[in-house]
Structures are given as structure tokens and as C-alpha cells.
Amino acid sequence: MAVLHLHTNTARLHTATVEYNHRLKPGLFLLALLNTELATQSLPAQFLTIKVGDTHSPLLRRPFSIFNASKIAGMAPRVEILYKVVGQATRIMSHLKAGDQVSILGPLGKPYPIEGVSPLLIGGGTGIASLHFLARRFLDKLIVPKILFGARTEDELIPLPELGRAEIHLATEDGTVGFAGDVVTLAKEHLPGAHDAVYACGPREMLSALKEVIPSTPPCFISLEETMACGVGACLGCSVQLADGSYATVCRQGPVFRIEELRW
Amino acid sequence: MVTHPSLATTVGSLEFKNPIIAASGTFGYGREYEPSADPRVFGGVALKGTTPKPQAGNPPPRLVETPAGLVNSIGLENPGIAVVIKEKLPQLEDLASAGTRIILNLSADDDNGFVSMAEKCNQASPLDVLELNLSCPNIKAGGMHFGTDPKVVSKITSAVKKATALPIWVKLAPLVTDITVIARSAEDAGADAISLVNTLPALVVDVERQRTVLGNTFGGLSGPAILPFALRQVYMVAQAVKIPVVGMGGISCSDDACAFLLAGASAVQVGTAIFVQPDIAERICDGLSQYLLEKGYEEITDIVGRLAQKD
Ligand SMILES: Cc1cc2nc3c(=O)[nH]c(=O)nc-3n(C[C@H](O)[C@H](O)[C@H](O)COP(=O)(O)OP(=O)(O)OC[C@H]3O[C@@H](n4cnc5c(N)ncnc54)[C@H](O)[C@@H]3O)c2cc1C
Ligand SMILES: Cc1cc2nc3c(=O)[nH]c(=O)nc-3n(C[C@H](O)[C@H](O)[C@H](O)COP(=O)(O)O)c2cc1C
Ligand code: FES
């Protein structure tokens with residue numbers, strides 16, 4: 001079930017130190033956490049959960065995709081999280097400062113299989129986080145991914161300075177920058193191309209629209225989000241329904257699925 | 001002076017190396033949290049609610065956070081008793097060797113369902129306790145009404161008791177007119193212990209979209225929000241029955257666990273707090289040891305039920 005490839009579970013409870021918490025745009029932040037194990041072991045599409053604050057409110061850990069993990073000689077090993085302020089926990093996170101300590105569980109979930117030499121990456125909103133990490137890994141292998149990145153308006157587009165060598169096409173629904181329209185409509189123009197793997201992450205509506213236009217080949221891998229409690233497959237709270245009617249956990253069996261595996 | 005207080009406790013004739021048990025439905029089949037957290041730290045592990053046949057569970061969303069609480073409607077998704085006995089229990093040998101007790105939580109639509117599962121469990125290993133979930137508020141067909149009717153509680157308990165030699169814990173729904181009546185009917189029917197509380201029936205509304213949040217409409221509330229109510233129910237039951245009580249509901253630190261022990265629980269279960277701190281068992285055990293040292297007790301059992309003794 002889900003994407004079949006071998007993956008060793010390296011999740012641990014970590015205490016990580018905040019290196020920085022940059023405000024990229026209003027309500028949009030990049031949080032860097034110093035931790036050697038997380039930086040070394042995290043793979044694209046994996047996520048971690050953060051215990052925000054030390055009170056009962058917010059209660060549960062919050063899940064975030066890994067935007068980047070780097071262990072570069074001479075630099076502190078870190079993982080980065082790109083997050084949007086949408087509620088209580090993310091609001092509290094926006095006040096984190098360099099030197100603060102946070103409790104992290106991760107890396108969690110199964111990564112994207114890295115396949116093909118001409119990948120097409122389709123991201124919507126903060127869904128770009130896991131694709132950013134994936135694009136970095138392709139670039140490390142000297143493979144240049146094509147990235148289609150959409151948002152409602154220019155204000156919601158996330159700067160991607162580290163993907164300079166990738167081929168990036170932007171789409172905004174209000175036409176303020178790039179292609180005027182949603183990213184799936186833009187994807188229709190690129191899909192017949194010579195891509196040998198498609199990766200997508202974004203809001204559920206974007207992914208279900210993509211399902212309508214995607215051909216059966218090349219393989220299309222999507223990464224999902226669901227409300228989570230445990231993050232490890234213990235509570236069965238994050239289940240999504242598969243095409244055969246059964247359920248699979250997004251946190252453990254996912255978050256990556258083949259697009260045709262799901263019931264839409 | 002006390003230097004090494006003992007956390008060992010007993011629930012009936014069964015010994016536990018410490019009084020902290022993972023609550024059913026929050027710790028999967030015992031292995032999911034590895035390698036982040038070691039299940040062998042727990043005194044016992046209650047496995048996910050298991051039914052006679054495989055069950056798919058409720059439509060998503062299945063979870064929503066509420067103030068200091070969590071509302072869930074998992075709908076008892078599980079692979080069924082046969083798979084649990086054949087595939088899940090055998091994976092727990094090292095827990096058993098480490099002295100962590102294995103508790104299998106059972107759920108069924110009627111007494112026959114409970115009996116057929118209990119019979120199958122007679123050959124199962126490792127397995128120390130059957131916990132009968134007479135309180136799952138999620139299943140429309142039954143669940144709630146078992147735990148609210150003393151006659152039904154009695155019928156199921158005595159039928160299961162006849163079918164197995166394993167200790168039976170009857171797990172009660174918290175929201176009943178008089179919890180002591182239900183607890184006594186389980187005791188009279190042969191229960192070895194009472195465990196409580198299960199989640200409280202709950203509803204969460206999405207005001208913006210003008211509909212209920214959970215896919216299955218209703219859910220069960222757990223977490224710190226329910227602690228004072230759970231504690232009251234545990235205290236009432238501990239006064240009313242002679243068999244041991246296993247208390248739970250919102251425990252998230254050693255003081256919370258301590259409160260349940262003082263109220264008369266011989267052991268406690270921790271559920272929602274595991275999601276927040278997977279290493280919670282270790283933290284609570286450390287805190288309890290510290291408490292015993294400070295107060296000069298040699299054993300955790302010395303504090304069980306002290307609240308009533310002071311009345
Ligand atoms: C695997 C995974 C990866 C994620 N990666 C990212 C990421 O890289 N960047 C990012 O900004 N967000 C990401 N999210 C979503 C993020 O977890 C939520 O935005 C966050 O939990 C909201 O917490 P809050 O307390 O601020 O908001 P809440 O008050 O809890 O909720 C505010 C709003 O956010 C919605 N929401 C709450 N929890 C989730 C959730 N788990 N998934 C989707 N929507 C939710 C609620 O329905 C509500 O409308 C991810 C979620 C998952 C499951
Ligand atoms: C996600 C979830 C699933 C649960 N599943 C079960 C179950 O299968 N059987 C059962 O008897 N109780 C189940 N419970 C109830 C817990 O075992 C426990 O009684 C309750 O959550 C109160 O404890 P807590 O506040 O520490 O979580 C579940 C609770 C949660 C949160
Ligand atoms: S969040 Fe608990 S199973 Fe996925």
C-alpha cells in the first residue's frame with residue numbers, strides 16, 4: 001500500500017534550538033532548527049511535529065513539512081520549516097527567537113521516491129515546502145527539475161532563492177505575476193512534455209483537480225496533509241480513503257501516495 | 001530515609017512494574033512509537049480496540065483539537081481479532097520479557113461478539129488482561145448503551161468471565177446517571193477490575209461552513225479538559241467497589257497521575273498526553289519517584305486511595 005519503497009524509520013524525539021525565524025512575508029515564516037540528526041536523516045516529503053508552547057493550549061504537536069535539510073561543511077546542521085500563520089500554534093511559533101528550544105518529533109513519514117531524469121514538480125501555497133526540498137535533492141544529482149508553483153496572488157508566492165538552477169514557472173489566480181490562472185491549468189500545458197515523473201503537493205482541491213487532468217503515465221506522486229495527533233501511525237486519526245475503500249494513515253503509510261491510489 | 005521508592009503496583013493478582021499504562025487507541029499495537037519512544041518503559045500497554053471482524057473505521061476528518069482537549073471519531077478501525085492474535089501479539093514478546101503487561105481492549109456489538117473474542121484469546125500470547133470496552137461512544141449500533149445499562153454490563157461481563165481465565169477489566173463510559181451502579185454490576189458479574197473513563201461524547205461545529213467538523217458527526221473528548229470529571233468518577237467508583245480501579249482521563253504529568261492514585265486508582269492509563277510527549281511514561285515515573293521520596297513513602301501503593309482514608 002501507498003508508495004512502495006524501502007524506508008528506514010529514523011524518527012526520534014529531539015530538542016532543537018531555533019537558529020532563526022525569518023518573516024518572509026506577512027504571515028509567512030522560515031524557521032531554522034539546529035539539529036544534526038534531523039539535518040542528516042530527513043528526506044523530501046518527510047515532516048516533523050513541533051510541540052508549540054508548554055501549556056495545554058495548543059495541545060497537540062503540529063506537523064510541518066521539511067523545507068530544507070542541510071549539512072554543509074563549516075555550517076551548522078539545520079532543518080528549515082516554511083510555515084503560514086493560520087491559527088493559535090502558528091501564531092505562537094511566529095514569536096520564536098534564535099536560541100529558543102523546541103521539542104521536535106521526526107523525521108516522520110515516507111519520503112518521495114526520487115525517480116526519473118526530467119521531473120515535473122507542481123506546488124500550491126505552502127505545499128511548495130516538500131517540493132523545495134525535493135528540487136534541492138534533484139539539483140544535487142545534477143538533474144534540473146521543472147517547477148510549477150501557484151498561489152492566489154503574488155503576495156502568497158514564496159521566494160525560492162535556493163532553486164536558482166531549476167526551471168520555475170509561476171502562476172497566480174489573479175494574474176499579478178506569471179501565468180494568470182491556477183497551477184493545474186498551467187500544468188495542463190506542461191504535462192504532455194517529456195517528463196518521466198510528476199510530484200505534487202498543495203491544497204486538496206488542487207490535487208483533485210490535478211487528478212482530472214493527469215495522464216496515467218508518468219507516475220504522479222502526491223504528498224497529503226491531514227489533521228494529526230500521533231504522527232506515527234498509532235491513533236489512526238489521519239486516515240484517508242483509498243480507491244479500494246480501505247483507509248491509509250497519512251502520517252505513516254504516507255504522506256506520499258500515487259495519485260491514482262486515492263479515492264477522490 | 002527512603003532512597004529507592006518502589007513504583008510496583010498490583011491490579012488484583014497481577015503485578016505491574018509501574019502504574020503507568022498506555023491507554024487503548026493511543027498507542028496502536030505497541031510498536032508504532034519506536035524508535036522515538038520505548039514501549040517497555042510502560043508498566044502496561046493497552047492495545048487498540050479490537051473487534052470480532054476487521055473494521056474500516058469512520059470517514060475523515062477523524063480528529064479535531066478543542067480547548068485543552070481532543071475530539072476523535074476513529075470508529076474502531078482495526079484488522080479484527082484473528083489478525084491481532086496472529087500478527088500483532090507475537091510482536092510484543094520483548095515487552096512481555098521486560099515486564100510490560102499486555103492488555104487487549106475488546107469491542108463488540110453484543111455479548112456473543114465479546115465471548116467469541118475472549119475464547120480466541122485463550123490461546124493468545126503474550127497477553128495478560130482483557131479490557132472490555134463497554135463505553136466506546138463512536139459506534140452508532142451499540143457502544144454507548146452497553147455501558148449505560150447495568151443489566152447489559154452484567155450480562156457481558158459474566159459471559160466473558162466464563163469464557164476465559166484471563167483477568168477482565170471492564171472499561172466504563174463516564175457519562176451515566178450513576179457510575180457506581182454500573183461499576184457494581186460489573187463487580188458482581190465477576191470483573192477483576194474497573195477501568196475508567198473512556199472519552200466523553202462530544203460535538204464540534206464548523207461555524208464558517210455551518211456543519212459538523214468530524215466525518216462521523218459525533219466524537220469522544222479526551223485530554224486535560226476531562227481530567228476533573230474523570231477524577232470524580234474514578235473516586236466515586238473506588239469508594240463503591242472492592243475490586244481495583246484503573247483510572248484515566250486527561251493525565252499529562254506525574255501530579256495528575258498522583259491525583260488518580262490518591263483517589264483510589266491502583267494504576268492509571270495515559271492516552272492523549274502520549275501524542276504530546278511520547279516519552280511521557282518516563283517523565284511520570286520520574287515524577288512519581290520524586291514525590292514518594294519527598295513525602296517519605298517507600299512504595300507507590302502507599303498512596304493509593306489516601307484521599308478516602310483522610311475523609
Ligand atoms: C504532513 C503535514 C505537513 C504540513 N506542512 C506544512 C508546511 O510545510 N507549512 C505550513 O504552513 N503548514 C503545513 N501543514 C499544516 C499545518 O500543520 C497547520 O497549518 C497547523 O497545524 C495549524 O496549526 P494552528 O494551531 O496554527 O492552526 P489551528 O487553529 O489548528 O487551525 C487553523 C486552520 O488550519 C487548519 N489546519 C489545522 N491543522 C491542519 C493540518 N494538520 N493540515 C491542514 N490544515 C490544518 C484548520 O482546519 C483551520 O482552518 C502541514 C500539515 C501536515 C499534516
Ligand atoms: C484517538 C483515540 C482512540 C481511542 N480508541 C479507544 C479504543 O479503541 N478503545 C477504548 O477503550 N478507548 C479508546 N480511547 C479512549 C482512551 O483509551 C482513554 O479512555 C481516553 O482517551 C481518556 O484518556 P486520555 O484523556 O488520557 O486520553 C481512544 C482515545 C483516543 C484519543
Ligand atoms: S496521526 Fe496518528 S495515525 Fe496518523
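**Two ligands, two domains and a chain interface**

Okay, let's start with chain A, where the domain assignment, which is automatic or from a database, gives domain 1 (9-108) and domain 2 (114-261). Before I go on: this is a predicted model, where local features need pLDDT of at least 70, side-chain atom pairs count only at pLDDT 80 or more, and totals for chains, interfaces and linings use all residues. Residues are numbered from 1 along each chain as its sequence is written, chains are lettered from A and ligands numbered from 1 in the order in which they are written, and side-chain values use heavy atoms, with hydrogens and water left out.

Back to those two domains. Their centres, taken over C-alpha atoms, are 21 Å apart. In terms of contact, meaning heavy atoms within 4.5 Å, 22 residues of domain 1 of chain A meet 28 residues of domain 2 of chain A. The buried area between them is about 2000 Å², with 66% coming from carbon and sulfur atoms; that's the accessible area (1.4 Å probe) two parts lose on being put together, summed over both. On the domain 1 side, Lys25(A), Pro44(A) and Phe67(A) supply 27% of what that domain buries against domain 2 of chain A, more than any other three residues.

So where does ligand 1 lie? Both domains of chain A give residues to its shell, so ligand 1 lies between them. There are 20 residues around ligand 1, and the closest are Pro63(A), Leu82(A), Lys84(A), Ala89(A) and Thr90(A); to be near, a residue needs a heavy atom within 4 Å. In secondary structure, β4 (62-65), β6 (78-84) and α2 (88-93) of chain A each supply at least two shell residues, and β4(A) gives the most, with four. Helices (H or I, at least four residues) and strands (E, at least two) are DSSP runs, numbered from the N terminus.

A backbone N or O atom of Pro63(A) sits 2.6 Å from a ligand 1 oxygen.

Over to chain B and ligand 2. Of the 23 residues around ligand 2, Ser24(B), Lys171(B), Gly223(B), Gly250(B) and Thr272(B) come nearest. For ligand 2, the protein covers 98% of the 600 Å² of accessible area it has on its own.

How do the chains meet? 28 residues of chain A are in contact with 30 of chain B. About 2500 Å² is buried between the two chains, 62% of it from carbon and sulfur atoms. Leu59(A), Leu236(A) and Tyr247(A) supply 24% of the area that chain A buries against chain B, more than any other three residues.

Most residues other than glycine have a negative phi, and most peptide bonds are trans. Gly106(A) and Pro107(A) are joined by a cis peptide bond, omega about -5 degrees, and Pro107(A) is in strand β7 (residues 101-108). Another cis bond joins Gly254(A) and Pro255(A), omega about 5 degrees. Then Leu142(A), not a glycine, has a positive phi of about 65 degrees, in the loop between α3 (128-140) and β9 (146-151) of chain A.

How values were computed: Polar contact = N/O pair within 3.5 Å; in protein donor to acceptor, adjacent residues only side chain to side chain. Areas by Shrake-Rupley, 256 points an atom, 1.4 Å probe, with all protein chains shown as cover.
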